Amino acid sequence: MNYYAIQVKTRAELKFIQLFRALYPETTLPIHFPQRQLNIRKAGQVKMANLAVFPGYIFIEADNDEQIRSFQWDFRRTEGFYRFLKSNRNITPLSNRDLELVLHFINKPLAGRSKVFFNEDSRIVVLEGPLCGLEGRILKVDRRKERAKIKLDLYDDSFAIDLAFEVIEHKDGR
């Protein structure tokens with residue numbers, strides 16, 4: 001199975017998917033849009049929000065290049081479409097580290113809170129959740145907001161996102 005990335009209008013990823021499905025109901029390709037849950041504080045109120053893990057990107061699952069090419073123009077005619085990655089002329093499936101990273105989030109379409117604790121050196125230790133396996137990508141930890149900023153790379157683009165965590169007491173009382 002191959003996965004292809006499409007760049008769409010940021011913060012309109014769900015709208016793009018819904019519009020595409022409405023315009024082309026015969027298309028059965030699985031479309032993935034990994035999301036993350038965060039508590040957002042605004043005007044003193046805390047609300048749970050679902051945000052994109054990869055802002056501006058959706059992922060299409062296809063058996064081969066021919067299958068994705070047969071629907072290429074349907075995607076391109078849908079409002080909010082920007083481009084296929086690497087380019088519209090060179091539609092390339094995800095591979096290696098890009099594929100591993102995307103699959104990490106596609107397997108759990110809604111990334112909730114990770115369970116973590118801090119060791120004696122004040123370093124974060126992830127026990128379970130979406131941060132598990134991404135410890136080497138952590139750029140910054142905000143204990144007060146209970147968020148970890150991680151660096152994600154997709155093709156030649158790099159960006160940082162926040163993922164929520166929950167601090168639990170370690171087995172030996174720390």
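Here are some friendly questions and answers about the predicted model shown above.

Residues are numbered from 1 along each chain as its sequence is written, and side-chain values use heavy atoms, leaving out hydrogens and water. In this predicted model, local features need pLDDT of at least 70 and side-chain atom pairs count only at pLDDT 80 or more, while totals for chains, interfaces and linings use all residues.

Reader: How many helices and strands does the protein have?

Author: Helices (H or I, at least four residues) and strands (E, at least two) are DSSP runs, numbered from the N terminus. The C-alpha trace spans about 60 × 40 × 25 Å along its principal axes. Within it, the secondary structure comes to 4 helices and 12 strands.

Reader: What share of the 174 residues counts as buried?

Author: Buried means under 20% relative accessible area, exposed over 50%, and partly exposed in between, with a 1.4 Å probe and protein chains only. By that rule, the buried share of the 174 residues is 42%.

Reader: What is the relative accessible area of Thr27?

Author: Thr27 lies in the loop between α1 and β2 (31–32). Residues up to four places away in sequence aside, Thr27 touches Phe20, Arg21, Phe71 and Asp74. Thr27 is buried, and its relative accessible area is 3%.

Reader: What is the volume of the largest pocket?

Author: On a 1 Å grid over the protein atoms alone, a pocket is an open set of points where a 1.4 Å probe fits, with protein on both sides within 12 Å along at least five of seven lines, and lining residues have an atom within 4 Å of a point. Grid points are joined across faces, edges and corners, and a volume is the space filled by probe spheres set on the points. The largest pocket is lined by 13 residues, with Arg11, Glu13, Asn50, Leu51 and Ala52 nearest its centre. Its volume is about 220 Å³.

Reader: Which strand gives the most to the lining of the second largest pocket?

Author: The second largest pocket has a volume of about 180 Å³. Its lining consists of Asn39, Ile40, Arg41, Val46, Arg144, Lys145 and Arg147. With 3 residues, the element that gives the most is β3.

Reader: Which residue forms a salt bridge with Glu146?

Author: A salt bridge is a side-chain nitrogen of Lys or Arg within 4 Å of a carboxyl oxygen of Asp or Glu. Glu146 is partly exposed, with a relative accessible area of 27%. The closest N and O atoms of its salt bridge are 2.5 Å apart, and the partner is Arg113.

Reader: Which residues do salt bridges that share partners join into one network?

Author: Asp162 forms a salt bridge with Arg147, the closest N and O atoms being 3.5 Å apart. Asp162 also forms a salt bridge with Lys149, at 3.2 Å between the closest N and O atoms. Asp162 is in strand β12 and Lys149 in strand β11, so this pair ties together parts 13 residues apart in sequence. The network joins Arg147, Lys149 and Asp162.

Notes:
Contact means heavy atoms within 4.5 Å.
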